[in-house]
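Here is a protein chain to read from the inside of single residues out to the whole fold. Keep the structure open and follow along.

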Amino acid sequence: MVIGATGPDDIVTAMRWAKATDTPIAVQATGHGANFPIEKGLLINTARMTDVQMDPATRTATIAAGAKWSHVMAAAAPHGLAGLCGTSTDAGVIGYTLGGGLPVLGRAYGYAADLVRSFQVVTPDGRLRETDPQNEPELFWALRGGKGNVGVVTSLVTELLPLPRLYGGGIYCPGEHTEALLRAWVDWTRTVPDEMCSAFTILRLPPIPQIPEPLRGGFWARVAIAWPGLPAEGEALIAPLRAAAPVAVDTVEVMDHAALDRIHMEPQDPLPARESCLLLRDLPPDAIRSFLDQVGPAAGVDHPLLTVEMRHMGGAMSRPSPVEDAVCARDAQYVLDSVGILAAPPAAEAIEQATHQLYTAMAPYGTGRTMVNIHGTPGDEQDRARAWTPEVYERLRHDKATYDPANLLRYGHAVTPA
């Protein structure tokens with residue numbers, strides 16, 4: 001059964017019906033994270049709930065369950081404000097934030113969960129609750145980084161940034177110069193200020209019309225840049241990257257914050273993807289060599305992974321949240337993630353094999369954990385638990401037992417009740 005919710009009352013009704021009939025519940029706003037089957041369950045679709053209410057005086061926004069970051073950016077831009085969104089404004093705000101939220105400007109401002117003031121949430125007992133640091137603080141803790149394990153969020157209130165513009169874009173080099181650009185980027189990340197945000201990406205792009213020329217059909221190495229400071233300072237900081245290898249395309253420029261999608265240029269159309277990730281402690285020389293052996297030029301232009309990215313962590317993302325939360329990535333210096341586009345079975349098998357080989361090779365340099373939003377299709381309980389430390393996972397299991405003892409919210413990246 002599918003419920004197309006138009007407001008909190010619809011979600012309350014759906015949750016009470018699910019409890020009364022012992023029907024498991026899934027929630028979806030966009031297509032992100034739709035990587036599990038829902039059999040004999042209830043799907044609550046929140047895509048109709050897109051309201052965004054701005055309060056410029058307090059620099060906050062109240063965001064409904066189905067709103068995307070594009071809705072928030074459009075509402076915030078006239079006030080010179082912006083939300084702390086990720087690499088695509090096509091992502092839903094709620095699901096992104098419940099997983100902690102990995103912002104493009106994370107090194108400068110922290111995780112999206114750090115800026116949340118309050119939630120309105122329906123718990124599996126059918127109660128509509130308000131939670132913040134003073135009111136049901138344990139529920140507030142579990143919703144910031146614990147994904148959707150304790151309830152269905154109908155809206156949240158979050159702080160906004162007084163940042164109408166930023167300096168950002170991508171520096172693209174032909175794929176044969178991957179090693180030079182990668183080694184320069186790793187050395188560079190050890191020297192830049194916290195406000196400099198970047199990611200190194202290997203792209204093997206298909207020859208399809210959705211990809212602009214001259215990138216279409218090419219093999220590229222890219223460093224994506226996001227700098228919230230003065231453009232002249234940002235330009236001086238990235239000069240070593242521009243000198244590291246021959247630059248074929250350079251899109252780094254001053255842009256409106258609402259145009260942030262131009263930095264990573266992620267696909268806007270739905271695609272069936274195999275995603276995976278690993279938090280990394282560091283990138284010593286042997287880690288760089290292992291990475292290049294797996295996905296560098298020697299792996300060939302026909303390597304099945306569309307993108308493989310390492311994002312620079314640290315900065316504000318390494319500092320504790322002002323209010324304790326369940327985000328468990330603050331000790332990582334980088335995060336590795338990959339995407340393969342699933343098509344016919346032979347392609348899927350090749351993607352699975354390449355993904356396994358890459359993460360096996362990089363495991364010695366990892367923390368052993370993942371980020372829940374880019375974990376990929378969740379496996380068994382041991383696999384799902386990798387998104388948190390053992391202590392946080394056990395605390396989430398006890399919160400799950402408190403708010404969802406019947407385990408109705410069991411789809412997706414679910415925690416088993418204690």
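Glu-235 counts as partly exposed, at 44% relative accessibility. Buried means under 20% relative accessible area, exposed over 50%, and partly exposed in between, with a 1.4 Å probe and protein chains only. Glu-235 sits in helix 7, residues 231–237. Helices are DSSP runs of H or I with at least four residues, strands are runs of E with at least two, and both are numbered from the N terminus. Contact means heavy atoms within 4.5 Å. Glu-235 and Glu-253 are 18 residues apart in sequence, and their C-alpha atoms are 8.9 Å apart in space.

A word on the model. It is predicted: local features need pLDDT of at least 70, and side-chain atom pairs count only at pLDDT 80 or more, while totals for chains, interfaces and linings use all residues. Residues are numbered from 1 along each chain as its sequence is written, and side-chain values use heavy atoms, with hydrogens and water left out.

Now go to two buried residues. Leu-396 is in helix 13, residues 390–403. Its relative accessibility is 3%, so Leu-396 counts as buried. Not counting residues up to four places away in sequence, Leu-396 touches Trp-141, Ala-142, Gly-146, Trp-388 and Val-415. Leu-396 and Val-150 are 246 residues apart in sequence. In space, 8.7 Å separates the two, C-alpha to C-alpha.

Ser-118 belongs to strand 6, residues 116–122. Ser-118 has a relative accessible area of 17% and is therefore buried. Its contacts, not counting residues up to four places away in sequence, are Thr-131, Asp-132, Phe-140, Leu-156 and Val-157.

The C-alpha atoms of Met-54 and Asp-132 are separated by 19 Å, and the two residues are 78 apart along the chain. Met-54 lies in strand 4, residues 52–55. Leaving aside neighbours within four places in sequence, Met-54 is in contact with Thr-60, Ala-61, Ala-75, Ala-76, His-79, Leu-81 and Leu-160.

Pro-214 lies in the loop between strand 10 (197–204) and strand 11 (219–227). Which form does the peptide bond from Glu-213 to Pro-214 take, cis or trans? It is cis, with omega near 0°.

Glu-136 is found in the loop between strand 7 (128–131) and helix 5 (137–143). Its phi is near 55°, a positive value in a residue other than glycine. Glu-136 has a relative accessible area of 24%, so it is partly exposed.

Met-265 is in the loop between helix 9 (261–264) and strand 14 (273–280). Phi of Met-265 is near 50°, again a positive value in a residue other than glycine. At 35% relative accessibility, Met-265 counts as partly exposed.

Now look at a pair of helices. Two packed helices are described by the angle between their axes and the distance between the axes. Axes are lines fitted to C-alpha atoms, for helices over the stretch in contact, and angles run from 0 to 180 degrees between N-to-C directions. Helix 10 (residues 285–295) and helix 11 (residues 345–362) pack at about 170°, with their axes 9 Å apart. Helix 10 and helix 11 are therefore roughly antiparallel to each other. Angles over 145 degrees count as roughly antiparallel, under 35 as roughly parallel, 65 to 115 as roughly perpendicular, and the rest as oblique.

Which residues meet here? From helix 10 come Ala-287, Ser-290, Phe-291, Gln-294 and Val-295. They meet Gln-357, Leu-358, Ala-361 and Met-362 in helix 11. The residues of this contact divide into six nonpolar, three polar and no charged. Here Ala, Val, Leu, Ile, Met, Phe, Trp, Tyr, Cys and Pro count as nonpolar, Asp, Glu, Lys and Arg as charged, and the others, Gly among them, as polar.

Ala-347 is also in helix 11. Its relative accessible area is 30%, so Ala-347 is partly exposed.

Finally, step back to the chain. Its secondary structure comes to 13 helices and 16 strands. Of the 418 residues, 55% count as buried. Among contacts between residues at least 6 apart in sequence, 72% join residues at least 24 apart. The C-alpha trace spans about 60 × 50 × 40 Å along its principal axes.
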